[in-house]
Amino acid sequence: MTARIRTLALAGLAWLVPTLAGALEGESETFPATAKETGHLVIHAATDLEAMRPLLRDFQARNPNIRIDYVDYVTNDLFREARDACRAGTSEADILLSSSVDQLVRLANDGCAQRHDSPETRSVPDWANWRDEIFGFTFEPVVFVYDRRWVPSEDVPRSHDALLELLRRKPDAYRARIGTYDIQASGIGYLLAFYDSRQAPTANGRLLEALSRVETIVRCCNNEVLGELAAGRISIAYNVLGSYAYAAALANPDLRIVLPRDYALILSRGALIPAAAAHPDLGKRFLNYLLSARGRQVAKDASFFFAENAPLPVGVDGPEALMDSGIGRPIRIGPALLAAQDEIQRSTFIEDWRRHIGEHPQR
Amino acid sequence: MFSRLMRRVGVVLALGAGTLITAAWIYARAAADDAYDRLLLGAAFQMSESLSVADGNLRFVLPPSAFELLGLANDDRIFYRVIDPSGATLTGYADLAAKADLSASRAAPIFGDDAYLGAPVRTVTVSHAMSMPEGPGWAYVVVAQTVEARHALASELTVRATMLVALMSLLAVAGTALAVRYSLRPVDDLAAALRQRDPQDLTPLTVAVPNELSPFVTSINYFIIRLDERIKLLQRYIADSAHQIRTPLTALSAQVSLIDEQRLAPEDRRHLKRVQSRTLELAGFTNQLLNHAMVIHRFDSVQLVPVSLNDVARMAFRNAVPITVDPDMIVSFEAADEDLMAMGDVLSLREAVVNVIDNALRHGAIARLEVRVRQRENFGRIEVIDDGPGIKENDWPNVISRFYSRSPDARGSSGLGFAIASEVATVLRGQLGFRKRSENEPFCVYLELPLVGGQP
């Protein structure tokens with residue numbers, strides 16, 4: 001009973017802290033129009049500004065009359081803000097970008113999105129388009145990242161099973177040296193964990209147990225997990241978005257990326273035009289740009305590095321044919337994601353997860 | 001007939017097609033509803049099966065497979081609500097189907113149509129009996145789905161059915177057109193047979209027709225036979241009349257000529273002259289009337305044969321020009337170089353030409369009368385030319401009608417001469433024509449007939 005109360009208290013605290021942090025963290029930047037301003041595009045995103053910056057710049061080079069206000073949120077805050085705005089029938093944002101596509105699906109399901117049909121949207125694969133309202137505009141495998149200074153080559157886990165095996169074999173070497181998302185604070189962390197549990201329920205339970213036993217470090221967001229890794233405080237980051245991981249690896253040559261060879265979840269970051277957007281035409285123009293060949297090229301070169309029909313970026317350790325081999329498991333943007341968004345589902349899942357991982361004190 | 005028939009068939013087909021398309025639409029809606037209702041119900045059952053009681057609490061794990069099932073209608077939005085036995089919403093959209101009577105679903109799942117978040121939705125409510133620590137109770141699952149996929153399926157089915165109906169209608173129209181044309185062909189044949197029939201041919205029709213038309217042909221034949229009988233009767237009557245009238249007339253003439261003029265007072269002699277002339281007039285008139293009747297009725301009974309215009313004209317010339325013609329009068333006849341043949345009846349034609357020549361001698365010719373036969377393109381002409389003043393142009397249509405006399409005092413003119421000639425010409429597909437007197441050409445009356453073998 002005491003354990004249960006402590007868990008709940010912890011859960012409550014953990015709920016509160018990232019909310020505040022997220023709201024404070026909400027990075028905002030304005031890109032003034034480079035020519036005479038004729039339009040004003042507001043982007044609310046749960047996507048790193050640094051990743052988006054090349055795309056924003058390139059878009060502005062082609063649309064110099066448009067000022068862009070970019071506000072960065074953590075996924076849960078973005079969702080809450082968009083849902084409240086939708087209920088009030090308003091929207092500050094002209095386009096929402098979020099890696100937590102289940103939240104976008106929930107928004108679209110509740111009628112908070114507007115349709116968009118253009119030559120660019122028609123090139124989006126089926127699994128990354130729901131109702132012509134949500135479009136996946138990136139292709140981001142979920143990867144393991146390790147620090148080669150700490151992980152000898154024979155230890156490099158090339159599948160989920162290998163990671164489980166490693167943790168069982170050398171629990172002491174990796175005690176408090178594994179980092180992953182806090183699924184309660186991060187919508188994308190929850191989504192990935194939820195899909196992990198669906199891919200291989202039993203194996204995933206065992207892996208969670210093993211992660212728990214080695215006192216895995218949980219952090220709110222991708223970059224914090226990667227930051228811990230770069231700082232040398234952990235050795236392996238589990239379930240990190242490939243795009244952020246690759247950016248981190250470019251900055252720090254000691255970081256290495258592994259695409260698991262049993263299965264690799266693939267996330268397509270979603271974009272949605274709010275139903276009540278003030279300038280939906282600008283939002284749609286930016287969306288068209290993101291989905292255009294040019295936008296995808298810029299994204300592949302400078303922002304997200306991975307692309308569906310391109311080989312893996314240099315230096316990434318992974319299977320040859322990601323999609324054809326069936327190893328790549330795209331998270332289909334569709335109504336099935338609503339199951340992940342159910343409140344009971346979510347609280348039960350997080351509670352179970354926390355029981356596995358979060359019962360030891362965090363450093 | 002054809003267009004009227006097609007119009008009616010078209011109306012019937014259009015009504016039928018409209019009914020079929022409406023029915024197809026209704027069936028398509030029902031089929032789409034049925035198909036997607038099963039998905040909806042399946043998902044609702046999966047959800048209700050996931051309700052369980054653990055440690056005295058209601059536990060619910062939303063099965064993603066339920067959403068995957070509903071996701072088969074990929075573009076449709078999904079709403080759901082799980083209600084615990086106390087009536088509180090456990091999870092989902094709390095205001096979904098708020099007004100519905102949930103307990104009604106205890107017997108069987110209930111489907112309904114509703115609107116949620118501004119979109120029309122199809123809902124299903126299923127119940128699940130739970131054994132809670134405080135006693136048994138009912139939990140409910142309401143699942144709603146927007147109707148886009150249903151409508152898409154229904155309209156796709158309807159469009160396909162419509163295309164089939166349209167195709168069938170087109171085939172039906174084409175088939176009807178062919179059938180109508182085919183079945184009307186015997187009628188056309190019959191009409192053609194009647195049209196091409198010689199006017200004198202009063203024998204029954206022998207055209208082969210389908211059974212459906214034979215009463216019609218029988219009626220026509222019955223009519224023809226009666227007409228034939230009637231004409232024969234009329235001919236007999238005319239022959240009788242001619243005979244009956246001629247005999248007393250001849251007797252009358254004889255009696256008049258027997259009166260001794262010398263013994264009459266000059267006054268009475270004048271009266272006798274008048275009686276003689278009137279008797280002559282009566283004889284001529286009777287003759288002409290009988291001739292007219294004879295000519296007209298001959299065409300009803302006599303078969304037309306190729307006739308030499310030269311011969312006819314020569315015969316008429318000899319008949320019409322009396323031996324006692326004024327010696328100052330120059331009369332001449334000129335036949336055509338080649339023998340011109342026209343379909344006709346010698347007697348009638350001769351009578352017609354005689355009338356024309358007679359008329360010229362009586363009213364026209366002063367010192368010259370010429371009869372000649374000429375070919376003019378596909379027509380043969382018998383021309384009667386005299387040096388008289390001729391007939392005024394505006395009188396031409398009048399003189400060919402019966403009993404028209406140009407000069408009321410003209411003796412012996414019954415006014416039938418041109419009428420007979422014109423009727424004969426018309427029956428023989430020709431015409432009676434006039435040519436004006438001019439500086440170098442005298443007045444001419446001609447009878448024009450199509451030549452045998454020539455283009456009509």
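Here is a short chat about how some pieces of this predicted model pack together.

Residues count from 1 along each chain as its sequence is written, and chains are lettered from A in the order in which they are written. Since this is a predicted model, local features need pLDDT of at least 70 and side-chain atom pairs count only at pLDDT 80 or more, while totals for chains, interfaces and linings use all residues.

Student: In what order do the five strands of the open sheet in chain B lie?

Tutor: Strands here are DSSP runs of E with at least two residues, helices are runs of H or I with at least four, and both are numbered from the N terminus. Two strands pair if DSSP finds at least two bridges between them. In this sheet the pairing is antiparallel, and the order is 4-3-7-6-5.

Student: Which strands of chain B stand at the edges?

Tutor: An edge strand here has a single partner strand, so one side of it is left without a neighbour in the sheet. In chain B, that goes for strand 4 (89-92) and strand 5 (110-116).

Student: What is the bridge partner of Ile83(B) in strand 4 of chain B?

Tutor: Strand 3 (residues 78-83) of chain B runs antiparallel to strand 4 of chain B, and three bridges join them. The partner of Ile83(B) in strand 4 of chain B is Thr89(B).

Student: How are helix 6 and helix 7 of chain B set relative to each other?

Tutor: Angles run from 0 to 180 degrees between N-to-C directions, with axes fitted to C-alpha atoms, for helices over the stretch in contact. Under 35 degrees counts as roughly parallel, over 145 as roughly antiparallel, 65 to 115 as roughly perpendicular, and the rest as oblique. The axes of helix 6 (residues 309-320) and helix 7 (residues 346-364) of chain B come within 8 Å and cross at roughly 50 degrees. The two helices are therefore oblique.

Student: Which residues of helix 13 of chain A make the contact with helix 7 of chain A?

Tutor: The axes of helix 7 (residues 201-213) and helix 13 (residues 343-357) of chain A come within 7 Å and cross at roughly 45 degrees. Residues are in contact if their C-beta atoms, placed from the backbone, lie within 7 Å. Helix 7 of chain A brings Leu208(A), Glu209(A), Leu211(A) and Ser212(A); helix 13 of chain A brings Trp353(A), His356(A) and Ile357(A).

Student: Which helix gives the largest share of the side of chain A that touches chain B?

Tutor: Between the chains, 15 residues of chain A are in contact with 17 residues of chain B. Helix 12 (337-341) and helix 13 of chain A each supply at least two residues of chain A's side. The largest share, four residues, comes from helix 13 of chain A.

Note on methods:
Contact = placed C-beta atoms within 7 Å.
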